[in-house]
Amino acid sequence: MLLDTDRDPVVVMGGGLAGLYAAWRLTQGGAKVVLFEAQQRLGGRILSEPLPGLTHAAGATCDLGPTWYWPAMQTRLPQLIRQLGLHAFEQPADGAALFEPSLGHRQRMAYSPAMAGSMRLRGGMASLITALASHIDPGRVRLGHRVVGLHRVDGALELDIAAGDGGPGRRLRATAVICTLPPRLLAWRVSFDPPLPDAVIDGWLAVPTWMAAQAKFVAVFERAFWRDAGLSGQAQSRVGPLVEIHDATEPGGQPALFGFVGVPADVRRKAGAQLHQAALAQLQRLFGPDAAAPLCTFYKDWADDPFIATSDDETAPPSHPAYGAHAAMPGCWQRRLWLAGTESACEHGGYLEGALEAAELAVQQLLAQLPTTG
Ligand SMILES: Cc1cc2nc3c(=O)[nH]c(=O)nc-3n(C[C@H](O)[C@H](O)[C@H](O)COP(=O)(O)OP(=O)(O)OC[C@H]3O[C@@H](n4cnc5c(N)ncnc54)[C@H](O)[C@@H]3O)c2cc1C
């Protein structure tokens, strides 16, 4: 069945930061755009959960995906944040940091200077997604629609789209496609007709999806008791399960701490509720008995998210990969299909800034050729 939409639109695959930014910029450039997002929510790796707001102002959130951006090193994201009128604040840095070298040992240290200038958004990083989405006609965004196949047909492309409700798959003809899926996920989940050369698929499979191997744990408290003790909430541990802990409180919001879980994905999966107990036990070891009774906790394991990670992403790469080299499309797919998620950015690949970098480049190239496409 042919999907009922504009004739031959430009399609954006994925509704994370890169996809929404591309859709907005394409629309501003005069293109007819339809965005397909597999999940029932926008944001992709950006995920902010509302905090209960029991003793403090409601409206604060905790970030289970990205938390920070760095204006000293990045230009596009700070500019977009200003343009969208969002409120930024610096990661709270007052007080000492802690180091846990072994069980039963706790050392006080100076707050890490590496965190200086790390900025967060009020309402969490998802406020960026909400603000971007407000500039896009909701009728052009299809949630729960998974692209499963791409066909190169005559002068255009056709997409196979599976509906999240299990309804019949549909086919859509498109002038061009901007794909913001991580390359590894694209290689695993989307078929190509004609097939892509093995070397291209192998190249995509070799690109680690940034942070897809990670999990975050957040504990929300009535009081920021760590501040009473002159602590910033920042801690590093060689014991775990949390290896890096930070204050997750928004100004005026409900106090919270978050930590990156330093346990491999397969161990996390087997540990289940024990992991939760071990994380709270660690917070008590570090910050004292008040940490025993959080108002609530949140946990997100990105390695278990089928819309972000594949089984190749169980293990994090040893260092930040050099991204972007795989992004050029081969043969008949050139000038019809662009890869534009953060892993396709050469300079800031992996980061939020990279999502904007890759999307911007793809949009520029696509708009430059749109009138002559045939
Ligand atoms: C725990 C964690 C912490 C991080 N911390 C930071 C940080 O502090 N600062 C920073 O700069 N970056 C950080 N990052 C990285 C940052 O989140 C990413 O760079 C950015 O969100 C990537 O955006 P994207 O749009 O390129 O990709 P994604 O957000 O992955 O978007 C891809 C979208 O495609 C959708 N999709 C998947 N399959 C299909 C399909 N078949 N059809 C249609 N849609 C599909 C997905 O659901 C998703 O919405 C962090 C990431 C994580 C997970």
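Me: How do the residues of the shell around the ligand divide into nonpolar, polar and charged?
Reply: The model is a predicted one, in which local features need pLDDT of at least 70, side-chain atom pairs count only at pLDDT 80 or more, and totals for chains, interfaces and linings use all residues. Residue numbers start from 1 along each chain as its sequence is written. Ala, Val, Leu, Ile, Met, Phe, Trp, Tyr, Cys and Pro are classed as nonpolar, Asp, Glu, Lys and Arg as charged, and the others, Gly among them, as polar. Under this scheme, the shell holds 22 nonpolar, 14 polar and 5 charged residues.

Me: How many residues surround the ligand?
Reply: A residue is near the molecule if its C-beta atom, placed from the backbone, lies within 6 Å of it. The closest are G14, G16, G44, P66 and M211. The number of residues that surround the ligand is 41.

Me: Which helices and strands each supply at least two residues of the shell around the ligand?
Reply: Helices (H or I, at least four residues) and strands (E, at least two) are DSSP runs, numbered from the N terminus. Those that each supply at least two shell residues are α1 (17–28), β2 (33–37), β10 (145–153), α4 (183–189) and α9 (352–369).

Me: Is Y69 buried or exposed?
Reply: Y69 sits in the loop between β4 (61–63) and α2 (76–83). A residue is buried if 20 or more other C-beta atoms lie within 10 Å of its own, exposed if 12 or fewer, and partly exposed in between, with C-beta atoms placed from the backbone. Y69 has 23 such neighbours and is therefore buried.

Me: Which residues does Y69 contact, leaving aside its neighbours within four places in sequence?
Reply: Contact requires C-beta atoms, placed from the backbone, within 7 Å of each other. With those neighbours left aside, the partners of Y69 are Q74, L77, P78, M119, L352 and E353.

Me: Which strands stand at the edges of the open sheet of 4 strands?
Reply: Two strands pair if DSSP finds at least two bridges between them. The sheet has the order β12-β11-β10-β14 with mixed pairing. One side of each edge strand is left without a neighbour in the sheet because each has a single partner strand, and these edge strands are β12 (170–174) and β14 (191–193).

Me: What is the bridge partner of L150 in β11?
Reply: β10 and β11 (residues 156–163) pair in the antiparallel sense over 8 bridges. Within β11, the residue bridged to L150 is L159.

Me: Which residues does R173 touch, not counting those up to four places away in sequence?
Reply: R173 belongs to strand β12 and, because it has 18 C-beta neighbours inside 10 Å, counts as partly exposed. The residues that R173 touches are D8, A156 and E158.

Me: How many residues of strand β16 are buried?
Reply: β16 (residues 231–237) pairs in the parallel sense with β6 (residues 96–100) over 4 bridges. β16 also pairs in the antiparallel sense with β17 (residues 242–247) over 2 bridges. The strand is largely enclosed by the rest of the structure because its buried residues number 6 of the 7.

Note on methods. Contact = placed C-beta atoms within 7 Å.
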